[in-house]
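Here are my notes, as promised. Have the structure open while you read them.

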Amino acid sequence: MDSIRIQGGIALQGKVRIQGSKNASLPVLAATLLVGESSFIRNCPRIADVHSMVSLLKSLGCSVRWQERGISVDSSQVRRGEMPREAVTGMRSSLCLLGALIGRCSEVVMEHPGGCVIGERPIDLHLYALSQMGVEFTEDAGSLKAEASGLHGAYICLPFPSVGATENVILAGVMAEGDTVLEGAAREPEVLTLCRFLCECGAYIEGAGSGRLVIHGGRRLFGTDFTVPSDRIVAGTYLFGCIGAGGCVFLEQAPKEEMAAVMETAGRMGGRVCTSPEGIYVQAPERPSPVRIVTEPYPGFPTDLQSVVLAAETLGRGCSYIEEGIFENRFRILEDLDRMGASVCQRDARRVTVRGVEALRGACVTARELRGGAALVVAGLMAEGETFVSGCRFIYRGYENIGRDFRELGARVTSV
Ligand code: UD1
């Protein structure tokens, strides 16, 4: 079922429950390696990237079981740090296994990690940070070998708050001898979740959620029972989906504390957004008001929701300006939106202007990456007539069942 067919032009109505967070589940699952006993991780989404992480953990010697409410991981038998090529090259977040494995085994061999094709996505910050902690890297026939006989604390200053590099320093830091001070750390909620998990296991990390972390290494960790928060990007996709397609929806369990910039943008687009203890309620405007957004590290507007705002603004009441501040090459949906009758002008690799048109028309389009693919589904909901989105395997990397979720909201969507 690699395609989705959408009969567009129907306003959304109803409520949908938001799945667990992909970007929080992955580093927490990687962190179970450090515990050396059993952990139970609740609310992990059933998505392709989590399945890949489960396979990776199994290949490393963990006993992993999906249960109704979560995943149990027993990492007591892990001895070696060699990761199979197919699993690593398909998923960039396998990179956070690097910090965890170097903490657990003193030698790691892995391929250069994969992930979505958005920009170059180098790993220099990961390598720089871990080398400060005593890790030595060598490259051999495309694979990366990391060795650390005496992993130690260090003073590290990241020139850019990379989420993945911050997670790797935390994972290695809790196992290192001595303290690690990390300046310029990413402040994304998923980093905070990873720190919370590790602290529940017995680690001691100061400054969690801030740009300066102090990780006190060398403490014994214990298994725990932990619940991953809901996915702020999935919630944001459905929120902007409603603003684009019209109607009013309730996003049950949306993590509103993590979505201030998102809700503020939705308000500027003319949406009425209210929160309750159970989630977020959104009422769409007749047509979105134009906005100016620049994607930034958290707490700024998230790059992972840039494409879906762009899609919603194709029917806006004027001209919007969107600047991608995190990745290059993150406007890969423009050709497909053009086929649907949108009017988007790309000024350069990082900036576009979107002139709202009266209507979009359904078309055959292709998902080429995760978030752009979800934005094409949203464009299909907004369009008149039928839209056929192929390449949905990219979307299933991060959304459990985007078709089912939009059907809950009254949309006419079928997986084919
Ligand atoms: C994570 C998220 C992804 C989100 C991104 C930014 C996960 C699994 N993925 O990705 O959904 O879009 O944060 O919020 O959590 N960079 C370097 N060198 C490095 C590392 C990164 O130059 O060593 C650059 C990247 O090319 C990119 C920017 O830094 O331009 C942000 O990358 P980073 O924050 O590391 O994103 P990820 O952890 O890969």
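The points below go from the whole chain down to single residues.

1. A word on the source, then the overall build. This is a predicted model. The chain has 13 helices and 23 strands. For 416 residues, a compact globule would have a radius of gyration near 22 Å, and the chain comes in at 21 Å, so the two agree. Along the principal axes, the C-alpha atoms fill a box of roughly 65 × 45 × 40 Å.

2. Burial and contacts across the chain. Of the 416 residues, 57% count as buried. If you take contacts between residues at least 6 apart in sequence, 72% of them join residues at least 24 apart.

3. Start the close-up with α8 and α12. Two packed helices are described by the angle between their axes and the distance between the axes. Helix α8 covers residues 232–245 and helix α12 covers residues 370–382. Their packing angle is about 25°, and the axes sit 9 Å apart. An angle under 35 degrees counts as roughly parallel, so that is how α8 runs relative to α12. The crossing of this pair is right-handed. On the α8 side, the contact uses Ile233, Thr237, Gly241, Gly244 and Ala245, while α12 brings Arg371, Ala374, Val378, Leu381 and Met382. Sorted by class, the contact of α8 with α12 has 6 nonpolar, 3 polar and 1 charged residues.

4. α8 has another partner to look at, α9. Here the packing angle is about 0°, with the axes 11 Å apart. α8 and α9 are therefore roughly parallel to each other. From α8, the residues in this contact are Gly236, Leu239, Phe240 and Ile243; from α9, they are Val262, Thr265 and Ala266. By class, the contact of α8 with α9 has 5 nonpolar, 2 polar and no charged residues.

5. Next, how many residues of α10 are buried? The count is 8 of its 8 residues, so "mostly covered" is the description for this helix. The buried set is Gln306, Ser307, Val308, Val309, Leu310, Ala311, Ala312 and Glu313.

6. Go to Thr166 in helix α6, which covers residues 163–175. Its relative accessibility is 0%, so Thr166 counts as buried. What is Thr166 in contact with, leaving aside neighbours within four places in sequence? The list is Leu158, Leu182, Ala185, Ala186, Val191 and Leu213.

7. Most residues other than glycine have a negative phi, and most peptide bonds are trans. Tyr298 and Pro299 are joined by a cis peptide bond, with omega about 15°. You'll find Pro299 in the loop between β17 (292–294) and α10 (306–313).

8. Asn43 is not a glycine, yet its phi is positive at about 70°. Look for Asn43 in the loop between β3 (38–42) and α2 (48–59). Is Asn43 buried or exposed? Buried means under 20% relative accessible area, and Asn43 is at 18%, so it counts as buried.

9. Gln253 has a positive phi too, about 65°, and is not a glycine. This residue is in the loop between β14 (247–252) and α9 (260–268). With 36% relative accessibility, Gln253 counts as partly exposed.

Technical notes
Residues are numbered from 1 along each chain as its sequence is written. This is a predicted model: local features need pLDDT of at least 70, side-chain atom pairs count only at pLDDT 80 or more; totals for chains, interfaces and linings use all residues. Side-chain values use heavy atoms; hydrogens and water are left out. Axes are lines fitted to C-alpha atoms, for helices over the stretch in contact, and angles run from 0 to 180 degrees between N-to-C directions. Helices (H or I, at least four residues) and strands (E, at least two) are DSSP runs, numbered from the N terminus. Angles under 35 degrees count as roughly parallel, over 145 as roughly antiparallel, 65 to 115 as roughly perpendicular and the rest as oblique. A crossing is left-handed if the near helix is turned anticlockwise from the far one by less than a right angle, and right-handed if clockwise. Contact means heavy atoms within 4.5 Å. Ala, Val, Leu, Ile, Met, Phe, Trp, Tyr, Cys and Pro count as nonpolar, Asp, Glu, Lys and Arg as charged, and the others, Gly among them, as polar. Buried means under 20% relative accessible area, exposed over 50%, partly exposed in between (1.4 Å probe, protein chains only). The radius of gyration is taken over C-alpha atoms; the globule rule is 2.2 Å times the number of residues to the power 0.38.
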